[in-house]
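Please view the structure first.

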Amino acid sequence: MKSPRSTRSSRPRRSAWRRRDFLASAGTLGAGVLILPRLRLFGANAPSNKLNIALIGVWGRGLAHYKSIEKENVVALCDVNERHLDEAAAKFKGAKKHVDWRKCLEQKDIQAVMCCTADHTHAFVANWAMNRGYHVYCEKPLANSVEEARVVRANYLKNKSKIATQVGTQRHQYENFNRVRELVLDGAVGELQQVSAWGNRQLRRPGYLPPGGDPPPYFHFDLWLGPSPAHPYNADYFSGAAGMNCLQWNMYWDFGTGQVGDMGSHTMDLAWNAIDAGLPTTAMAAGDPYHPEVSPVALEMHFDHPANAWRPAIKVSWYQGGVMPASPAPWVDLNKIGHGALFEGSKGALVAEFNARLLVPSGNAADMTYYKPRRKEALIPPMGEFQDQWINACKGDLKTSCNFDYGGTLIEQMMLGLVAHRVGKKISYDGATGRVTDCPEANEFLRRTYRPGWTLDG
Ligand SMILES: NC(=O)c1ccc[n+]([C@@H]2O[C@H](COP(=O)([O-])OP(=O)(O)OC[C@H]3O[C@@H](n4cnc5c(N)ncnc54)[C@H](O)[C@@H]3O)[C@@H](O)[C@H]2O)c1
């Protein structure tokens, strides 16, 4: 099939009405005198052009977003840990403080929400925020179940003419993502057949932590648990360094989905960006046996994806925890790449990590005559800073690279793979209805059960 030289990348534009307002104002003013004040008023950082942001989950990963949001109006801060909340409030003076994100979202001056809470509340915060018309940036993984992924994506699609969304897979801003996409689309590996992504992180745990006493008075553990079933408090869930603490809790089913949701979100993004995939038609998985408390470490998941306009049907796979795809050549050691992707086609393979790539033509027919590198002017343009892309989109054309349609489809596939792992067989999936068509018990595992009083759609 022919490879179009299309780009999926989007670049934020300044909103048209602001530019029109400025020109109209400047045109009606007297010569010179008032033009400078008007420029300031309508400049990029003018008070009138700042976004009112609520930061939910202010420490850890939340800290990584300060640089982008400090240029805006941070009007609300929310954290279940009052110490973290107070530290953030010392920086964002004037922002209202909340410990419960449900109350935070009721604050009337919010326009946009950044969610950096634990994984099991992402879909909740994102969906409730969209229900209130807010723009949303949500840390990965966007969802912890197939149902959560579908609810959030459907809500975004319903509101996409009004809101901008971004899943926090910020490595997407690396220009290597564009180069990989160009190589695959332009046929550098011939006709695409199979795509694999992998991650080598291994965090084995025997089960939930034992009771560890009462939480400290400044920590609202029950709110941290939120919609998930109750578990006893243990300080070890919260003993990690800033930005790494998710590795203390994300392997437990009620809080996360292990490396599938964690590095799977980032690394499958490297593959997803280059294949224009929708939902798979089948899923199968193998690895560590299913454990009712902790997600598998060693795992491989395989999906069938139908053909699209520029490529045939392909297989997409995820490997983790020491399980790896076969290397395209004996002298290429994929184990040296902690997190990477492999694109295999009729004429060769492309090996990629987040920042670099290696093309491996194969066989006598792989003389590269079938591939014409792009001219510099035809390269996919850089997207710029990832968080800023979302902020600009909120103020402008609403277009982002990893919106909840793109990221929601990616994570729905990954969550479906975990369902296949749980039932221990290959399953067929109808992406239109979100149902497994040949294994009734699998349909029970498409969703999580929430504690009474918690709803995904509030
Ligand atoms: N994009 C990336 O590269 C990247 C890197 C690290 C973490 N993350 C993601 O960011 C999220 C947070 O990870 P972390 O390591 O910072 O975790 P963390 O446990 O340190 O939590 C971050 C902050 O959120 C607060 N919080 C947790 N649940 C909350 C809730 N329900 N309401 C309000 N505040 C809440 C915590 O008290 C803490 O201050 C995770 O989902 C993780 O997957 C993304």
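## Terms and model

A crossing is left-handed if the near helix is turned anticlockwise from the far one by less than a right angle, and right-handed if clockwise. Helices are DSSP runs (H or I, at least four residues), as are strands (E, at least two), numbered from the N terminus.

This is a predicted model: local features need pLDDT of at least 70, side-chain atom pairs count only at pLDDT 80 or more, and totals for chains, interfaces and linings use all residues. Residue numbers start from 1 along each chain as its sequence is written.

## Helix 6 with helix 7

The crossing of helix 6 and helix 7 is left-handed. Helix 6 contributes Ala123, Ala126, Asn127 and Met130 to the contact (C-beta atoms, placed from the backbone, within 7 Å), and helix 7 contributes Glu148, Val151, Val152, Asn155, Tyr156 and Asn159.

Helix 6 (residues 122-131) packs on helix 7 at about 20°, with the axes 10 Å apart. Axes are lines fitted to C-alpha atoms, for helices over the stretch in contact, and angles run from 0 to 180 degrees between N-to-C directions. Helix 6 and helix 7 are therefore roughly parallel (under 35 degrees; over 145 is roughly antiparallel, 65 to 115 roughly perpendicular, the rest oblique).

## Helix 7 with helix 13

The axes of helix 7 (residues 146-159) and helix 13 (residues 406-423) come within 8 Å and cross at roughly 165°. The pair is therefore roughly antiparallel. This crossing, too, is left-handed.

## Glu72

Glu72 sits in the loop between helix 3 (66-69) and strand 2 (73-78). Its C-alpha lies 6.7 Å from that of Asn52, 20 residues away in sequence.

Definitions and conventions
Two residues are in contact if their C-beta atoms, placed from the backbone, lie within 7 Å.
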